[in-house]
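The sequence and structure come first.

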Amino acid sequence: MAFEVVMPRLGWTMETGTLVEWLRRDGDSVEPGDVLFTVESDKAVQEIEALERGILHVPPDSPPPGTEVEVGTVLAYLLRPGEPLPRQAQDAASRPPKVAVVPEASAEAPKPGTAAAPAMPSRPTTAISPRARRVARELGVAWESLTGSGRTGRIVERDVRRAAEAARVAETSTRPLVEPVAKEPTMPAPWAITQPRSKPSHGTVPVTLTATADATELVRIHEQLIESLASRAQAVPTYNDLLIKLCGLALLEHQRVNAVWRSGEIIAASDVHIAIEVETESGVVAPVIRDVPSKSILSLADEVRELTQKVHGAQLKPDELQGGTFTIANLGEYGIDAFTPTINWPQSAALGLGRVVEKAGVRDGVILPRYHTVLSLTFDHRVVDGGPAARFLDSVCEYVEKPSLWLVR
Amino acid sequence: MREMTFTDAAREGLAEEMAQNPGIFVMGEGVGTRGGNFNTTVGLYDLYGPKRLRDTPICERGFTGLCTGAAMVGAHPVVDFMFIDFELDAIGELFNQTSRIQYMSSGRLQMPILVRGSIGIFGSAGPHHSGNYYPLFMHVPGFRVVVPTTPADAKGLIKTALRSTDPVIFLEHKGLLFSKGPVPEGELLVPFGKASITREGTDVTVVAVALMVQKTLEAAKQLEQEGVSCEVIDPRTLAPLDVDTIRDSVHKTGRLLIVDEDWGPCGIGAEIAARIVDEAFDDLDAPISRLNGAFAPTPYSPSLTAGMVPNAQTIAQAIRDLLAE
């Protein structure tokens, strides 16, 4: 039987991926484990292996390298010697490929209506009971890829619930990234709005709070670190690293802000994994620093540097982009004071760091030169109320102003 | 609690209402000194005499029309058809007059009349004495259609019927007449339009009518051994029909089977299926399934009859098939 080679889902939230290049050619015999092609998703490139033995057949209508396609799109087939192409692949030859975005080559892509044979809307081949469809919607399960256990192959409720359970188990056993401390039913009103959509980020209700913090003490500590570590090979923690650390500690005390969507519900995570936004030529990438509160500032600094280098060298693994519970973005180096950072679904909040600027400040009734910085917290109002968000931001400001509060922890 | 047969319980209800309401009288073939072909009026002739227990010749259309007229002027007649099949000879009177008088008089006339008769395939009664016919009455606006399955419900529903100002068709399955069950002492009224969940379950909803409730409970017991949890619903009244209870059950189970020994086409199963698709489409995990008696006249032969109607085995199999959908 012909085996379909499809665009794989490399992360829970991955909807599309870019076929970078084929590493085997049309007509090659391949064995399980042979690397067939590379896929770029969330800015990381990953090699995809064959799962079956066979002769690789890349149909003429397969998306060309460089194309971004939906997860599940058939890219090629593995056939036995002499085996013909499956019927749907032959039919598909006359249809334009399912292409989400076609960079550059878009002028050559056939336009609907001008193609030799226009695409016919076909009846969906997968049957699903109305109840199973409803439950899939409620649990956020993509049912199109499920195998139905009904008499006629129909997807029924038990298939959807099994898939949801399997996803939940897979997520908690293979990626013990966040441990729930509280679940939806115990949450106050806004937590109850938990109807995820197929692209839940579309439902985000972002609200931003800003606060100015006196960063003089933090700047002083940073200067001391530069001085004392100058002679060592050790990477000197940046001002940014200090903020990641103190922010991680503040999140421990404000778990409501440190919340993620999982399997259709909101979970306040007790583990703090912070995604750091890094600018690259092709866009923003946010590698994740795990367990921020338990790491020393020095090891945190090393890790941030290493991940940043990987980002620029496009060596990040998909794992290193997954599981964040909160995001920090820093636009201070561009001279920005305040901005609205983007929430990275399934997270619920993000902190934006502005520039540190020396201004006249008032202390004990005396005007003095002080360093100030503006902190911008954007949060999903469906998940977090204004009060808890404001208290979190206030804690962060306090930690910036009085580093001794957390440095000794 | 005391145990009574279905027939005794229904007769107790009739007697209690006759004692309270002097406007109630019974008319039909053999309802007087004979006490009714199915013992529906045993003992009542001695209490109330020929004025309130009026034997008739075989003239269904005539006495049905007579009772309709009596109801129009304030009496509360009980038309005892013995076999509901005999109502077919009075159908013009029932459909054209009895069901419509309230409408045609803009509500100035009421139609408090109870039409009762035995239904069902039982005891080799043959083609002329085995009809069910409830869909016929459900189809016509104006009738209440009552199908009790337990002695307590027989008493409670006949008493409610005898206090109604609408025409009520009261149908008693021959296979249930001598079944026994607990009947509480004292006043007992069972409301119309309220189904009874006779067994609670989680895997499949089975709505059963008349004798099929008992057969379905037997099947549910068998299936329990196989780990299948059946919810069995007895609608008790088909008009008004308690769709809410069925819908709530389907919301829980996702699967619905209607078991009815009557013929399938345009039957109670078709009606329930259509209403549930309307109201609970997104709750359905499988197509709605019906199990009916064979679409043929009822034979005399006991061995042929046995193959005509659903039994515990065929019901259990229908449930297994539905769970595999």
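## A parallel strand pair in chain B

B:L257 stands opposite B:S289 in β14(B). Strand β13 (residues 256-260) of chain B and strand β14 (residues 289-292) of chain B run parallel and are joined by 4 bridges. Strands count as paired if DSSP finds at least two bridges between them. Helices (H or I, at least four residues) and strands (E, at least two) are DSSP runs, numbered from the N terminus.

Together with helix α10 (residues 268-280) of chain B, β13(B) and β14(B) make a right-handed β-α-β unit. Right-handed here means that, with the strands pointing away from the viewer, the path from the first strand over the helix to the second runs clockwise.

## Basis of the model

The model is predicted: local features need pLDDT of at least 70 and side-chain atom pairs count only at pLDDT 80 or more, while totals for chains, interfaces and linings use all residues. Residues are numbered from 1 along each chain as its sequence is written, and chains are lettered from A and ligands numbered from 1 in the order in which they are written.

## Nonpolar cores

The largest nonpolar core has 94 residues, and B:L257 is among those with the most contacts inside it, as are B:V145, B:V146, B:I169, B:F170, B:V206 and B:I319. Helix α12 (residues 312-324) of chain B supplies the largest share of this core, 6 residues. A second, separate core of 56 residues includes A:A259, A:I267, A:I328 and A:V396. A nonpolar core is a set of buried Ala, Val, Leu, Ile, Met, Phe, Trp, Tyr and Cys residues joined through C-beta atoms within 7 Å. A residue is buried if 20 or more other C-beta atoms lie within 10 Å of its own, exposed if 12 or fewer, and partly exposed in between, with C-beta atoms placed from the backbone.

Leaving aside neighbours within four places in sequence, B:V146 is in contact with B:L157, B:A161, B:V168, B:I169, B:F170, B:L171 and B:T237. Contact requires that the C-beta atoms, placed from the backbone, lie within 7 Å.

## A one-sided helix

In helix α4 (residues 91-98) of chain B, the residues B:E93, B:L94 and B:T98 are buried. They lie on the same side of α4(B) because they cover an arc of only 95° around the axis, taken from the directions from the helix axis to the C-beta atoms. Their cover includes α3 (60-72) and α5 (101-104) of chain B.

## Chain A and its sheet

Chain A has 8 helices and 19 strands, and 32% of its 409 residues are buried. Among its contacts between residues at least 6 apart in sequence, 64% join residues at least 24 apart.

Six strands of chain A form an open sheet with mixed pairing, in the order β10-β19-β18-β17-β13-β16. Its edge strands, β10 (206-214) and β16 (288-289), each pair on one side only. Strands β18 (residues 349-363) and β19 (residues 366-380) of chain A run antiparallel, joined by 13 bridges; A:V362 has A:I367 in β19(A) as its bridge partner.

A:A213 is in strand β10 of chain A and counts as buried because it has 21 C-beta neighbours inside 10 Å. Not counting residues up to four places away in sequence, A:A213 touches A:T373, A:L375, A:C397, A:V400 and A:E401. The C-alpha atoms of A:A213 and A:V356 are separated by 9.6 Å, although the two are 143 residues apart along the chain.

## Contact between the chains

The contact takes 9 residues from chain A and 9 residues from chain B. On the side of chain A that touches chain B, helix α2 (residues 130-139) of chain A gives the most, with 4 residues.

Key: Two residues are in contact if their C-beta atoms, placed from the backbone, lie within 7 Å.
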